[in-house]
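Please read this briefing alongside the sequence and the 3D view. It goes through the structure topic by topic.

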Amino acid sequence: MKEKETPSNFFTRLKEGLSKTKQGITEKVDQIISQYQGIDEELYEEIEEVLITADIGMETTIQIIDNLKTRVRKNKISDPQELRSLLKEVLYEILKEDEEFPIEDPCVILIIGVNGVGKTTSIGKLAAQYKSQGKSVLLAAGDTFRAAAVEQLDIWANRVGVDIIKHKQGSDPAAVIYDAIQAAKARNTDILICDTAGRLHNKKNLMNELEKINRIISKEFPESNRHTFLVLDATTGQNAISQAKLFSEICDVNGLILTKLDGTSKGGVILAIKSQLNIPVRFVGVGEGVKDLQIFNAEQFVDALF
Ligand SMILES: Nc1nc2c(ncn2[C@@H]2O[C@H](COP(=O)(O)OP(=O)(O)OP(=O)(O)O)[C@@H](O)[C@H]2O)c(=O)[nH]1
């Protein structure tokens, strides 16, 4: 029997996916707190160490500790046990979303990111989600560089039951996007999701390629709503931040998909990403299953951690 998707099993999957990050942050903080009778500088230092080792990064950790201290002072708190809920508040403040995130049809979503971060899988999962919401979805196999990329996307298209526009390996990605746009317009497709190659070591080429693709979308599909989502692999920790910085220099990234949060204790990197780069996290990947890509919700995320 097919499992029915309810908010509670959605949250359970998020919670399970974040269990290692929880062990690395919250459970360690709990252990430390339990050893203290009062709040002093040593306690803050121990918490600071936990946050840094959980890949939250120095800058963001300092910000968190400062906020924590301010709240302790303001609320005249002396019991270390109360630090827990204050820390939860501080993390929520960093992660909370203030923008709405509408996907209005027709829409073109460009998926960018280096190889192996989970681009193809995320495209498949997104396609499945939108399809289940009754949207028509078309995929464009714009990663013509890597041998198996088109094949992999094709497998996802079949699995999900959506159409795909593909050319031979080595062909011009911009030509694939051009054809996909014509097909999307002719078929009245709601959402066109485009894969791209992630050759970050060749920054100039990548920049040219993305510029060309963007020019084609602007010219051929000006009426479309556009999103560029950068896919980052949470298991790479601080490396994910460098990738985000580099990609934002190359093009306008207006959303992040943070994958593989399950199986890593480095999920704290999401806090560094949110506070250091001004790019909203839109989706989080918490498993390999088709339903394991969730719209990011700060409140749920923090609840799952505590
Ligand atoms: N555990 C887990 N695995 C994931 C998640 N997202 C993707 N993966 C796995 O990560 C691996 C790489 O994913 P791909 O989608 O092939 O990555 P890609 O970025 O498209 O890579 P290239 O096609 O090489 O550019 C696959 O084995 C996926 O199943 C996730 O959220 N959790």
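The points below cover the basis of the model, the nonpolar cores, the ligand, and some individual residues.

This is a predicted model, in which local features need pLDDT of at least 70 and side-chain atom pairs count only at pLDDT 80 or more, while totals for chains, interfaces and linings use all residues. Residues are numbered from 1 along each chain as its sequence is written, and side-chain values use heavy atoms, with hydrogens and water left out.

**Nonpolar cores**

- The largest nonpolar core has 89 residues, and Leu139 and Ile193 touch the most other members.
- Helix 6, residues 83-95, gives the largest share of this core, 7 residues.
- Apart from this core lies another one of 18 residues, including Ile165, Ala174, Ala180 and Cys194.
- A nonpolar core here is a set of buried Ala, Val, Leu, Ile, Met, Phe, Trp, Tyr and Cys residues joined through side-chain atoms within 4.5 Å.
- Buried means under 20% relative accessible area, exposed means over 50%, and partly exposed is in between (1.4 Å probe, protein chains only).
- Helices (H or I, at least four residues) and strands (E, at least two) are DSSP runs, numbered from the N terminus.
- In soluble globular proteins, nonpolar side chains tend to be buried together.
- Leaving aside neighbours within four places in sequence, leucine 139 is in contact (heavy atoms within 4.5 Å) with residues including Ile123, Ala127, Leu153, Ala157, Asp163 and Ile193.

**The ligand and its surroundings**

- The ligand is surrounded by 18 residues, of which the closest are Thr120, Thr121, Arg146, Asp262 and Glu288; a residue is near a molecule or strand if one of its heavy atoms lies within 4 Å of it.
- Helix 7, residues 119-132, supplies the largest share of this shell, 4 residues.
- By class, the shell holds 3 nonpolar, 9 polar and 6 charged residues.
- In these classes Ala, Val, Leu, Ile, Met, Phe, Trp, Tyr, Cys and Pro count as nonpolar, Asp, Glu, Lys and Arg as charged, and the others, Gly among them, as polar.
- A polar side-chain atom of threonine 120 lies 2.4 Å from an oxygen atom of the ligand.
- For glycine 116, a backbone N or O atom is 2.8 Å from an oxygen atom of the ligand.
- In asparagine 115, an N or O atom of the side chain lies 3.0 Å from an oxygen atom of the ligand.
- The ligand taken alone exposes 650 Å², and the protein buries 80% of that; accessible areas come from the Shrake-Rupley method with a 1.4 Å probe, and for residues only the protein chains shown count as cover.

**Two buried residues**

- Valine 117 is found in the loop between strand 1 (107-112) and helix 7, and is buried with a relative accessible area of 3%.
- Not counting residues up to four places away in sequence, valine 117 touches Val231, Leu232, Asp233, Gln243, Thr259 and Lys260.
- Leucine 206 has its place in helix 10 and is buried, at 2% relative accessible area.
- With residues up to four places away in sequence not counted, leucine 206 touches Ala197, Arg199, Leu200, Phe247 and Ile250.

**Exposed and partly exposed residues**

- Arginine 215 is found in helix 10 (residues 203-220) and is exposed, with a relative accessible area of 54%.
- The C-alpha atoms of arginine 215 and alanine 174 are separated by 9.3 Å, although the two are 41 residues apart along the chain.
- Lysine 168 lies in the loop between strand 3 (163-165) and helix 9 (173-186), and is exposed at 68% relative accessible area.

**Backbone features**

- Aspartate 105 and proline 106 are joined by a cis peptide bond, with omega about -10°.
- Proline 106 is found in the loop between helix 6 and strand 1.
- Lysine 76, which is not a glycine, has a positive phi of about 50°.
- Lysine 76 sits in the loop between helix 5 (58-74) and helix 6 and is exposed, with a relative accessible area of 72%.
- Lysine 260 also has a positive phi, near 60°, in a residue other than glycine.
- Lysine 260 lies in the loop between strand 6 (255-259) and helix 12 (269-276), and counts as partly exposed at 30% relative accessibility.

How values were computed:
A polar contact is a pair of N or O atoms within 3.5 Å; within protein, one must be able to donate a hydrogen and the other to accept it, and residues adjacent in sequence count only if both atoms are side-chain atoms.
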